[in-house]
Amino acid sequence: MDSANRPALAKSLRRLLSVNNIEVLYEDVILVLKGLSLTVREGSICALLGTNGAGKSTTLKAISGLLRTERGAVSDGTIDFCGERIDELAADDIVRRGIFQVMEGRRVFEHLNVEDNLRAGGYTRPRGTSLARDLERVYSYFPKLRERQEQQAGYLSGGEQQMLAIGRALMAAPKLLLLDEPSLGLAPLLVQEIFAIVRRINEEEGTTILLVEQNAHLALEVAEHAMIMEGGRVVLEGSADELRNNADVKEFYLGVTQGGERKSYRDIKHYKRRKRWLS
Amino acid sequence: MDTFIQLTLSGLSNGMVYALVAVGFVVVFKASDVINFAQGEFLMFGAYLCFAFIAQFGLPWSLSVVLAVAGCAGLGLLVERLVLRPLIGEPVISMIMATIGLSSVMKALVNGIWGPRPRAFPSFLPEGNIEIGGAVLGLDRVLVVVVAGLLLFVLQWFFKTTREGIAMRAIADDNQAALSMGISIRRVLAVAWALAAVTAALGGMMLANMVGVGQEVSHVGLRVFPVVILGGLDSIPGAIVGGAIIGLLEQYTGGYIGHGLNMIVPFLVLILVLMIRPYGLFGKRIIERV
């Protein structure tokens with residue numbers, strides 16, 4: 001679990017993605033991101049943490065271009081991917097350049113069977129790519145999906161649907177994978193399983209991963225770098241170890257006070273509520 | 001017995017034409033969850049275009065058919081570009097309402113160009129009959145069945161296995177998720193409308209061969225509703241089976257019970273289906289996981 005023990009698999013220091021001081025407006029008036037900046041190094045797993053409404057999902061959607069389908073827009077700042085500006089591109093262009101977002105809530109195609117879901121994920125692969133080989137690769141990560149190949153995705157369990165959602169992303173062979181709350185609504189054991197696979201994907205495929213999570217414990221275990229968002233900007237960032245040992249993070253995100261005992265959730269809520277009113 | 005075979009044959013061949021028309025609905029519905037109320041007008045437009053090329057410009061029928069199909073495909077693309085694309089992201093009901101408006105516009109357009117009077121269609125299908133088990137079936141009908149069957153087969157293959165076909169089904173399921181995997185909604189919608197217009201053109205020409213060109217052709221669009229509902233709005237096999245059932249029912253009631261009733265029977269079926277099995281015989285069910 002220690003990020004330092006991880007094999008040093010071709011991790012360059014190259015910035016794959018950099019978000020520079022962006023503002024995001026919904027419906028032209030609601031300001032959600034207020035000067036957000038972040039960078040993601042190639043080959044790393046980065047976690048984006050924060051409470052509800054901090055703007056985590058919006059950040060991912062701004063990167064993937066899906067924002068526009070929700071009447072949102074990047075109104076200021078730039079987003080660079082592989083050294084090129086992508087903030088003005090359409091969502092399907094951005095996928096073609098190698099960014100793939102796995103949306104919150106799994107969003108599998110319920111009426112398509114598992115294999116067709118995966119094939120849809122490979123939509124942007126250049127003609128002549130062997131889909132059979134891509135499918136095989138996905139099934140090697142998620143053997144359960146192979147068993148369910150012909151089944152309609154709507155009838156899969158929540159965990160299997162999450163696997164399908166990630167498998168669908170793998171079909172596109174992205175450079176950067178954006179995962180939005182993969183643990184949502186899943187049993188803890190299943191979450192462990194899925195995060196183990198996410199780490200394998202990062203190591204074996206060299207896929208860079210930007211992970212949004214509410215479960216800070218979990219995210220800090222998997223990620224080597226993490227950022228904490230509040231009120232539409234990044235307020236704290238550092239290596240996972242640094243953040244784990246940061247007093248504020250301990251108290252507000254990991255739920256542990258300085259004395260070491262677990263903090264009552266009621267107190268946390270109270271603190272946050274007051275803080276939000278003042279800001 | 002002879003009557004029975006005769007009625008069965010006519011029923012099935014009518015059913016194939018219904019299936020072909022129904023597939024136009026299915027293609028658009030599969031790709032966008034929109035019911036295209038202008039499908040009947042597309043049929044009419046296809047028939048009039050072909051009529052114009054043959055009778056008014058004096059082109060050979062083979063070329064006319066190709067031109068009419070191409071013209072309809074172009075119209076489909078144009079409609080998608082001007083009417084539906086601006087509505088992407090709006091509720092599906094807006095698009096459905098837009099197709100109702102579109103049907104009026106197209107009717108008026110055809111009226112303006114060709115006038116309201118029905119015309120005789122220069123028949124280009126082979127004449128003559130064949131005998132099957134004592135019943136007689138026109139060769140033109142046989143050809144219609146073959147062409148329709150072939151087209152339905154190709155479409156079914158398209159949706160099941162090709163990249164664009166799967167993309168279409170994906171978009172109908174969850175268009176934002178489809179977009180997140182790089183599927184271009186605009187492009188898929190355009191392909192769907194072009195396909196629907198092409199099937200409509202072919203269906204329209206075949207219908208015109210049987211009944212002549214006139215505003216009646218567009219009414220077939222409505223008469224096919226029971227077929228689509230019975231078979232399931234998003235199922236090509238459903239369109240075929242639904243077409244056959246409705247075609248047979250019409251012929252049997254017309255032949256054994258009385259003329260006139262056969263116009264009502266499909267709609268009785270429609271009401272029954274909606275009460276018992278609203279997603280049709282083969283349609284997708286709403287999936288609820290508890």
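Chain A exposes about 12,800 Å², and carbon and sulfur atoms supply 48% of that area. The model is a predicted one. Of the 279 residues in chain A, 52% are buried. The chain has 11 helices and 10 strands. Among its contacts between residues at least 6 apart in sequence, 67% join residues at least 24 apart.

One residue of chain A can be followed through these ideas. A:Ile45 lies in strand β3, which covers residues 45-50 of chain A. The relative accessible area of A:Ile45 is 0%, and buried means under 20%, so A:Ile45 counts as buried. Leaving aside neighbours within four places in sequence, A:Ile45 is in contact with A:Arg199, A:Asn202, A:Ile209, A:Val222, A:Ala223, A:Glu224 and A:His225. A:Leu211 is 166 residues away from A:Ile45 along the chain, yet their C-alpha atoms are separated by 7.2 Å.

In chain B, the axes of helix α2 (residues 39-56) and helix α9 (residues 216-223) come within 7 Å and cross at roughly 150 degrees. Angles over 145 degrees count as roughly antiparallel, and α2(B) and α9(B) are therefore roughly antiparallel to each other. Their crossing is right-handed. On the α2(B) side, the contact is made by B:Gly40, B:Glu41, B:Leu43 and B:Met44; on the α9(B) side, it is made by B:Val217, B:Ser218, B:Val220 and B:Gly221. Sorted by class, the contact of α2(B) with α9(B) has 4 nonpolar, 3 polar and 1 charged residues.

Notes: Residues are numbered from 1 along each chain as its sequence is written. Chains are lettered from A and ligands numbered from 1 in the order in which they are written. This is a predicted model: local features need pLDDT of at least 70, side-chain atom pairs count only at pLDDT 80 or more; totals for chains, interfaces and linings use all residues. Side-chain values use heavy atoms; hydrogens and water are left out. Axes are lines fitted to C-alpha atoms, for helices over the stretch in contact, and angles run from 0 to 180 degrees between N-to-C directions. Helices (H or I, at least four residues) and strands (E, at least two) are DSSP runs, numbered from the N terminus. Angles under 35 degrees count as roughly parallel, over 145 as roughly antiparallel, 65 to 115 as roughly perpendicular and the rest as oblique. A crossing is left-handed if the near helix is turned anticlockwise from the far one by less than a right angle, and right-handed if clockwise. Contact means heavy atoms within 4.5 Å. Ala, Val, Leu, Ile, Met, Phe, Trp, Tyr, Cys and Pro count as nonpolar, Asp, Glu, Lys and Arg as charged, and the others, Gly among them, as polar. Buried means under 20% relative accessible area, exposed over 50%, partly exposed in between (1.4 Å probe, protein chains only). Accessible areas come from the Shrake-Rupley method with a 1.4 Å probe; for residues, only the protein chains shown count as cover.
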